[in-house]
Amino acid sequence: MKRIPFSFDWVFTPGEQGMFGAKEGLAVDLPDDYIIGKARCPQAESGSATGYYPGGRGSYSKTFDAEPDWAGKTVLLDIDGAYTNAAVTLGGDLLALHPYGYTPFTVHLTPHLKPKGNRLRISTDTPACSGRWYSGGGLYRQVSLLLGGECYLHPWDVFFYTAEASAAEAVVEGRFEITNTAAQARALTLRVYFDGQLRAQLALTAQPGKTPAALTLSLPQPKLWSADTPALYGVRVELACGEEVLDCHEMSFGVRKIEIDSRRGMRVNGQPVKLRGGCVHHDNSLIGARALPRAEERKVQKLKQAGFNAIRCAHNPPSAAFLDACDRIGMYVIDESFDAWRVGKTARDYHLYFEQWWRSDTAAMVCRDRNHPCVYCWSIGNEISEMNGSSNGAYWCQVQADYVRSLDPTRPVSSSMN
């Protein structure tokens, strides 16, 4: 799908009045954090844990027209992160709810779009004691539109991984799910290009709904990715019917083989690696939680200059911009899902939503991030109370680890322990 920037010309309305049609608001561009500008208060309920910032509510609205070339296409709203309890409406119709503030989600706009005057509103609520650190609030990560054909490749339905890698040759496996919104099957060709060269193609029949596909490609004399040599390929995946390209997906990909065992430790492309890293929260200091791509890049650069080659994302999935920077600069990343499961650490943290939402939030993390070469390990939790066996902890550990492996069998699954 084609990614269209959608971060400019929003109106932010603080408090709850936005949902009652109040017109006054502040013009903003995204990413935005509406908590960092609030006055701090010694009596703030979360206290020092959140820097004495209060919570708050707010909504973002934007009116836009559908472009002529969107006719017959699929249009998705892609939100990389909204803190927290996001509600998305278009023309007054509720389209989506998303409680977790740290996972991305997409919303189908296609059936609700009008040619002119589409009014989109996204409300968020940052309650006190929703976390143990400064969280920020609002649309603090990138927001985009995804435009695809009648048959399309959702970015999360494209998965490449390195099966074998050496200086002479790399073998890369591709796994895909093609979405066909039509009522009838379509005969298609899937083509894969690495750095502009056609490396593999596959003829298939896409049934209505989703159709899986798989292929294998070979790269002679590959450029291999590591933290010391972060080489990336530009990848383009096309869906075609005859000579007509119906949809395409473009991404970066790093070819690398990571092996970990108890006898020889961690090896990248056959070479032993010692991890020198630390735990990094998602905020960006004086600009709050705003995940500006340059701010995310600067954070990784500073760590690399200090001698780091590894980062654990504490204690939630990071922004896509952060992982993009880790790919380019060269970092090994532990990507972590949750700070709490069923037993909470603060009054209004993720434990309120875990049982209903853990599966979709885990899928969002893994499917968005599994193409990043920097991610070498998944973590299903940080210092989880249930890890001592209480509250059916063994069961919840097993089902989460199994689910992660079903989405990505190529990486180890861990958890941060006390």
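Guide: Happy to! Strands, marked E, are DSSP runs of at least two residues, and helices, marked H, are runs of at least four, both numbered from the N terminus. Please keep in mind that this is a predicted model.

Let's begin with Ala-214, which belongs to strand E16, residues 209-220. Its relative accessible area is 40%; because that value falls between the 20% and 50% cut-offs, Ala-214 counts as partly exposed. Leaving aside residues up to four places away in sequence, Ala-214 is in contact with Gly-174, Arg-175 and Leu-202. Phe-176 is 38 residues from Ala-214 along the chain, yet their C-alpha atoms are 6.2 Å apart.

Next, a sheet. Six strands make an open, antiparallel sheet, ordered E3-E2-E4-E9-E6-E7. Strand E3 (26-28) and strand E7 (93-98) are at its edges; each has a single partner strand, so one side of each lacks a neighbour in the sheet. On average, and ignoring direction, neighbouring strands here are turned by 25 degrees against each other. Inside this sheet, E2 (residues 10-14) and E4 (residues 56-64) run antiparallel and are joined by 4 bridges. Across that pairing, Phe-12 faces Tyr-60 of E4. Lys-62 is placed over the face of Phe-6, 4.8 Å from the ring centre.

Tyr-60 leads us to the rings. Across the whole structure, a search turns up 28 aromatic pairs. In one of them, Tyr-34 and Tyr-60 have ring centres 6.5 Å apart and planes at 40 degrees, so this pair is classed as tilted. Tyr-34 is in the loop between E3 and E4, while Tyr-60 is in E4 itself, so the pair ties together parts 26 residues apart in sequence. Both Tyr-34 and Tyr-60 are buried.

A second pair is formed by Trp-358 and Trp-396: with ring centres 6.3 Å apart and planes at 85 degrees, the pair is edge-to-face, because that angle is over 60 degrees. Trp-358 sits in helix H3 (residues 354-369) and Trp-396 in helix H4 (residues 393-407), so their contact links parts 38 residues apart in sequence. Trp-358 has a relative accessible area of 8% and is buried; Trp-396, at 9%, counts as buried too. Both tryptophans belong to one aromatic cluster, whose members also include Tyr-83, Tyr-100, Phe-338, Trp-341 and Tyr-403. Over the ring of Tyr-403 sits the charged end of Arg-359, 4.0 Å from the ring centre.

Let's finish at helix H1, residues 293-305. Which residues of H1 are buried? They are Ala-295, Glu-296, Glu-297, Lys-299, Val-300 and Leu-303. The buried residues of H1 pack against strand E22 (277-280), strand E23 (310-313) and helix H2 (320-329). Just after H1, Gly-307 adopts a positive phi of about 105 degrees.

Technical notes:
Residues numbered from 1 in each chain as written. Predicted model: local features only at pLDDT ≥ 70, side-chain atom pairs only at ≥ 80, totals over all residues. Heavy atoms only, no water. Buried < 20%, exposed > 50% of the residue type's maximum accessible area, 1.4 Å probe, protein only. Contact = heavy atoms within 4.5 Å. Pairing = 2+ DSSP bridges. Axes fitted to C-alpha atoms, helices over the stretch in contact; angles between N-to-C directions. Phe/Tyr/Trp six-rings, centres within 6.5 Å; stacked < 30°, edge-to-face > 60°. Lys NZ or Arg CZ within 6 Å of the ring centre and 35° of its normal.
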